[in-house]
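Good morning, everyone. Please look at the screen, and I will walk you through one chain.

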Amino acid sequence: MRKSPESSGPPTSLGSPKPPESPKPPESPGQPTEPLGARGLCHAFGDRTVLRGIDLDVRRGEWLALVGRNGCGKSTLLRMFAGLQRPDTGSVTLRGRPLPSYSRRQIARELAMLPQSTATVPSLTVRQLVRQGRYATRGPLGMLAEGDDDHVLLAMADTGVEPLADTPVDRLSGGERQRARLALALAQDAPLLLLDEPTTYLDVRHQIEVLDLVARLRAERGLTVVTVLHDLAQAARYADRVVALKDGGVYAEGPAEEVVDADLLYAVFGVRGRVWHDDVTGRPLCSYDALA
């Protein structure tokens with residue numbers, strides 16, 4: 001881990017208090033500390049290698065953010081954690097067991113994956129969308145039963161989409177749709193939440209709304225969260241640990257206060273800029289000056 005050099009800059013904040021910190025869950029006898037692990041992950045699409053020997057553990061109860069330039073392998077790594085993409089070489093473990101030893105329904109009981117986007121079924125209501133999160137528990141026949149179970153109702157309440165329950169998803173605003181999709185993931189009642197660019201296509205207000213919601217739910221439910229984020233400032237603000245990918249490997253990883261600095265901007269993102277710490281949150285803030 002690298003320590004950030006102190007930089008000067010205008011005092012500012014992102015407009016809302018520091019996100020709630022999740023209390024560290026107590027250790028359970030016999031339960032692996034790291035719910036997800038990757039060892040030696042390598043993967044290529046044709047002649048383009050995106051991951052080269054990735055070793056990474058996701059720690060129980062943390063919020064980990066994957067950052068880096070487009071095409072650096074962030075989403076590919078997240079899909080491998082979810083069992084949706086197999087590496088060319090290397091392995092992924094879930095609670096200490098090889099991920100391929102789990103069935104899809106078993107994986108769905110352990111982790112929920114929210115991809116960048118999904119096709120919208122015409123006339124599908126919010127309630128019907130969120131019910132799909134119960135597949136791992138209810139199975140294909142149980143999904144045909146009428147009525148919502150407690151997890152569906154709680155997921156809609158926690159994300160504030162109860163008033164929209166009977167509204168078609170394709171009529172929602174971008175922020176409402178993302179909250180409905182988050183409710184779908186929460187309905188799985190899984191302890192691990194994987195989010196691939198959850199703020200894509202949202203304006204600044206709705207970006208903060210969604211990430212504040214994730215922070216609150218993480219604290220209330222004791223979730224472990226892994227997100228792919230393009231915005232380095234958002235990663236630094238919300239995550240306990242930032243992992244920056246470059247040239248298929250881990251360039252830097254650690255608390256945002258230690259790894260987000262001007263060198264990271266230059267080496268990973270190819271821009272020149274300044275980094276200082278917010279007076280309210282203590283988290284790093286970035287100012288981009290020019291392309292490197």
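**A walk through the chain**

Let's begin with the cysteines. A search of the whole structure finds zero disulfides, a disulfide being a pair of cysteine sulfur atoms within 2.5 Å. Two cysteines are worth a look. Cys42 is partly exposed, because its relative accessibility is 25%. Cys72 is buried, because its relative accessible area is 8%. The cut-offs are these: buried is under 20% relative accessible area, exposed is over 50%, and partly exposed is in between, with a 1.4 Å probe and protein chains only.

A word on the source. This is a predicted model, where local features need pLDDT of at least 70, side-chain atom pairs count only at pLDDT 80 or more, and totals for chains, interfaces and linings use all residues. Residues are numbered from 1 along each chain as its sequence is written, and side-chain values use heavy atoms, with hydrogens and water left out.

Now the overall picture. The chain has 10 helices and 12 strands. These are DSSP runs, numbered from the N terminus: helices are H or I with at least four residues, strands are E with at least two. Of the 292 residues in the chain, 48% are buried. Take contacts between residues at least 6 apart in sequence: 66% of them join residues at least 24 apart. Contact means heavy atoms within 4.5 Å. The accessible surface is about 13600 Å², and carbon and sulfur atoms hold 52% of that. Areas come from the Shrake-Rupley method with a 1.4 Å probe, and for residues only the protein chains shown count as cover.

Next, helix α1, residues 74-81. How many of its eight residues are buried? Seven of them. They are Lys74, Ser75, Thr76, Leu77, Leu78, Met80 and Phe81. Stay with Thr76. It is buried because its relative accessible area is 11%. Setting aside neighbours within four places in sequence, Thr76 contacts His43, Phe45, Val50, Leu51 and Gln85. After α1 comes Gly83, with a positive phi near 80 degrees.

On to a helix pair. Helix α5 (residues 150-158) packs on helix α7 (residues 204-221) at about 135 degrees, with axes 11 Å apart. Axes are lines fitted to C-alpha atoms, for helices over the stretch in contact, and angles run from 0 to 180 degrees between N-to-C directions. So α5 is oblique to α7. Under 35 degrees is roughly parallel, over 145 roughly antiparallel, 65 to 115 roughly perpendicular, and the rest oblique. Which residues meet? Leu154, Ala155 and Asp158 in α5 touch Leu213, Arg216, Leu217 and Arg221 in α7. By class, this contact has four nonpolar, no polar and three charged residues. Nonpolar covers Ala, Val, Leu, Ile, Met, Phe, Trp, Tyr, Cys and Pro; charged covers Asp, Glu, Lys and Arg; the others, Gly among them, are polar.

Last, some loops. Ser123 sits between β6 (111-114) and α3 (126-131). Is Ser123 buried or exposed? Exposed, because its relative accessibility is 55%. Beyond neighbours within four places in sequence, Ser123 contacts Gln128, Pro168 and Asp170.

Most residues other than glycine have a negative phi. Arg95 has a positive phi, near 50 degrees. It lies in the loop between β4 (89-94) and β5 (97-98). Arg95 is buried, because its relative accessible area is 18%. Glu197 also has a positive phi near 50 degrees. Its loop runs between β7 (192-196) and α7. Glu197 is buried, because its relative accessibility is 10%.
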